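Take a walk through this protein chain, one element at a time. Keep the view open and turn it as you read.

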Amino acid sequence: MFNLFNDTSVAGKASTEIQCSSEKLFDFIGNHLLKNYPRWSPEVRELEQLTPGAIAQGTLCRQVRVDQGNQSESTFKVVIFNPASRICFEGISNPFRCDYVLETIDQNATRISFTFELLSLELHMRPFEKLIRFAVQDGTERTVRNIRKLVETEHPSQEKPQSNF
């Protein structure tokens, strides 16, 4: 049987420290995914929850994206939803995974690690694998920068400036 997909995935990973508690960061990324995902990923033009209730493990969503001029639509499912520590969703209609892992540094700082993975490439995309790898890595780095900027602007650290007395 002729395989139209490459068994090797293409992944990008980036991390940064954000001046915000892990609870507030997870609230921004996980609990308010529908509101905030298009904000940190402006390629998302439409985002719709397909299952009722709050965002949780098992939630289905549909998104329309425009990446480098190409519009695509996909359905994804939240496969991991661990408050204050991790949210991961996987494409159902397209083979991808987005994984956000939060590590508490202290009460006002959290390390976010984001991994985006294309789980397979179609045959016609294989000649562009290096370019795709570069674009995926660039996208993961941009994602964590955007999240940090949005969160630190909207949820400034609770640390108080030191007194000179």
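Over how many bridges do β6 and β7 pair, and in which sense? The two strands pair over five bridges, in the antiparallel sense. This is a predicted model. Within the pair, Arg86 has Val101 in β7 as its bridge partner. Four residues sit between β6 and β7, and the two strands form a hairpin.

Now step back to the whole chain. It has three helices and nine strands. Along the sequence the pattern reads β-β-α-α-β-β-β-β-β-β-β-α. Of the 165 residues in the chain, 38% are buried. Among contacts with a separation of 6 or more, 51% link residues 24 or more positions apart.

Seven strands form an open sheet in the order β2-β8-β7-β6-β5-β4-β3, with antiparallel pairing. Its edges are β2 (10-18) and β3 (44-49), each of which pairs on one side only. On average, neighbouring strands are turned by 20° against each other, direction ignored. As background, strands of a sheet pair through backbone hydrogen bonds, either parallel or antiparallel.

β2 pairs with β8 (residues 109-118) through nine bridges, in the antiparallel sense. Here Thr16 finds its bridge partner, Ile112, in β8. Helix α3 (residues 129-154) packs on the sheet and touches β2, β7 and β8. The direction of α3 makes about 20° with that of β2.

Move on from β8 to β7. Ten bridges join these two antiparallel strands.

Beyond β7 and β6 the order continues to β5. The loop between β5 and β6 holds Ala84. In general, most residues other than glycine have a negative phi.

Next come β5 and β4. They pair in the antiparallel sense over eight bridges. Asp67 has Asn70 in β5 as its bridge partner. The hairpin of β4 and β5 has two residues between the strands. In this hairpin Gln68 takes a positive phi near 50°.

Is β4 largely enclosed or largely open? Six of its eight residues are buried, so the rest of the structure largely encloses β4. Glu46 has Val64 in β4 as its bridge partner.

Stay on β3 and look at Leu47, which lies in this strand. Which residues does Leu47 touch, leaving out those up to four places away in sequence? They are Leu33, Leu34, Tyr37, Pro38, Cys61, Arg62, Gln63 and Phe76. Lys35 is twelve residues from Leu47 in sequence, and their C-alpha atoms are 8.7 Å apart.

How does α1 meet α2? Helix α1 (residues 22-31) packs against α2 at an angle of about 90°, with the axes 6 Å apart. The two helices are therefore roughly perpendicular to each other. From α1, the contact uses Phe28, Ile29, Gly30 and Asn31. From α2, it uses Leu33, Asn36, Arg39 and Trp40. By class, the contact has four nonpolar, three polar and one charged residues.

Finish with the burial of α1. The buried residues in α1 are Ser22, Leu25, Phe26, Phe28, Ile29 and Gly30. Why do they lie on the same side of α1? They cover an arc of only 165° around the axis, and that puts them on the same side. Phe28, Ile29 and Gly30 are buried, and these residues also meet α2.

Notes:
Residues are numbered from 1 along each chain as its sequence is written. This is a predicted model: local features need pLDDT of at least 70, side-chain atom pairs count only at pLDDT 80 or more; totals for chains, interfaces and linings use all residues. Side-chain values use heavy atoms; hydrogens and water are left out. Two strands pair if DSSP finds at least two bridges between them. Axes are lines fitted to C-alpha atoms, for helices over the stretch in contact, and angles run from 0 to 180 degrees between N-to-C directions. Contact means heavy atoms within 4.5 Å. Buried means under 20% relative accessible area, exposed over 50%, partly exposed in between (1.4 Å probe, protein chains only). Angles under 35 degrees count as roughly parallel, over 145 as roughly antiparallel, 65 to 115 as roughly perpendicular and the rest as oblique. Ala, Val, Leu, Ile, Met, Phe, Trp, Tyr, Cys and Pro count as nonpolar, Asp, Glu, Lys and Arg as charged, and the others, Gly among them, as polar. The arc is that of the directions from the helix axis to the C-beta atoms.
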